[in-house]
Amino acid sequence: MTTARDIMTPDPQCVKEGETLVDAARLMRERDTGALPICGDDGRLKGMLTDRDIVVKCIADGGDPSTVTAGSLAEGKPVTIGADDDVREALETMKAHQVRRLPVIDGHDLVGIISQADIALSLSATETGETVEEISDGPENGTV
């Protein structure tokens with residue numbers, strides 16, 4: 001059985017919930033990524049932040065990304081997968097919640113992120129194609 005831990009990108013860099021969206025955007029640039037986990041002072045996952053969130057939920061609404069915090073965009077309980085869960089469960093979770101990136105949790109600790117690319121490298125072409133199609137049919141084009 002291939003687990004989430006086997007295919008995840010380990011040691012994700014978090015943006016702290018009190019950091020500004022400018023800080024988050026700079027971290028995204030440094031890490032060459034379009035999404036970051038939002039973590040509280042306790043190190044626990046509070047949500048996910050995407051470059052699209054910064055544009056649509058802040059800038060397009062006239063917000064100031066130098067004052068709006070990452071934590072203010074964390075909505076609800078984040079969708080996650082357990083580190084030792086089967087990769088097919090990760091696939092089903094991504095489909096069900098129409099997310100492109102899935103934080104991986106071990107106990108209460110964030111230990112990795114699974115992306116569509118990670119899924120694509122671990123499953124058959126048919127499964128990968130179906131997953132991408134179902135995620136992309138989401139109301140917000142599958143973003144977190």
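Strand β3 (residues 35–39) is largely enclosed by the rest of the structure, because five of its five residues are buried; buried denotes a relative accessible area under 20%, exposed one over 50%, and partly exposed a value in between, with a 1.4 Å probe and protein chains only. The model is predicted, so that local features need pLDDT of at least 70 and side-chain atom pairs count only at pLDDT 80 or more, whereas totals for chains, interfaces and linings use all residues. Residues are numbered from 1 along each chain as its sequence is written, and side-chain values use heavy atoms, with hydrogens and water left out. Helices (H or I, at least four residues) and strands (E, at least two) are DSSP runs numbered from the N terminus.

In a regular strand the side chains alternate between the two faces of the sheet. In β3, Ala35, Pro37 and Cys39 point one way, while Leu36 and Ile38 point the other way, and all are buried. Pairing of strands requires that DSSP find at least two bridges between them. Strand β2 (residues 15–16) runs parallel to β3 and is joined to β3 by two bridges; lysine 16 has cysteine 39 of β3 as its bridge partner. Strand β4 (residues 45–50) runs antiparallel to β3, with five bridges between the two, and leucine 49 of β4 is the bridge partner of leucine 36. A hairpin is formed by β3 and β4, with five residues between them, and glycine 43 in the turn has a positive phi of about 85 degrees.

Nonpolar side chains tend to be buried together in soluble globular proteins. A nonpolar core is defined as a set of buried Ala, Val, Leu, Ile, Met, Phe, Trp, Tyr and Cys residues joined through side-chain atoms within 4.5 Å. The largest such core has 16 residues, of which Ile81, Ala90, Leu102, Val104, Ile114 and Ile119 touch the most other members. At least two residues of this core are supplied by each of α1 (4–7), α4, β6 (101–106) and β7 (109–115). Helix α4 provides the largest share, four residues. Apart from this core lies another, of 12 residues, among them Val15, Ala24, Leu36 and Ile38.

Threonine 93 is placed in helix α4 (residues 87–97) and is buried, with a relative accessible area of 14%. Its side chain reaches the backbone oxygen of glutamate 89 at 2.8 Å. Not counting residues up to four places away in sequence, threonine 93 touches Val79, Thr80, Ile81 and Leu102, contact being heavy atoms within 4.5 Å.

Definitions and conventions:
A polar contact is a pair of N or O atoms within 3.5 Å; within protein, one must be able to donate a hydrogen and the other to accept it, and residues adjacent in sequence count only if both atoms are side-chain atoms.
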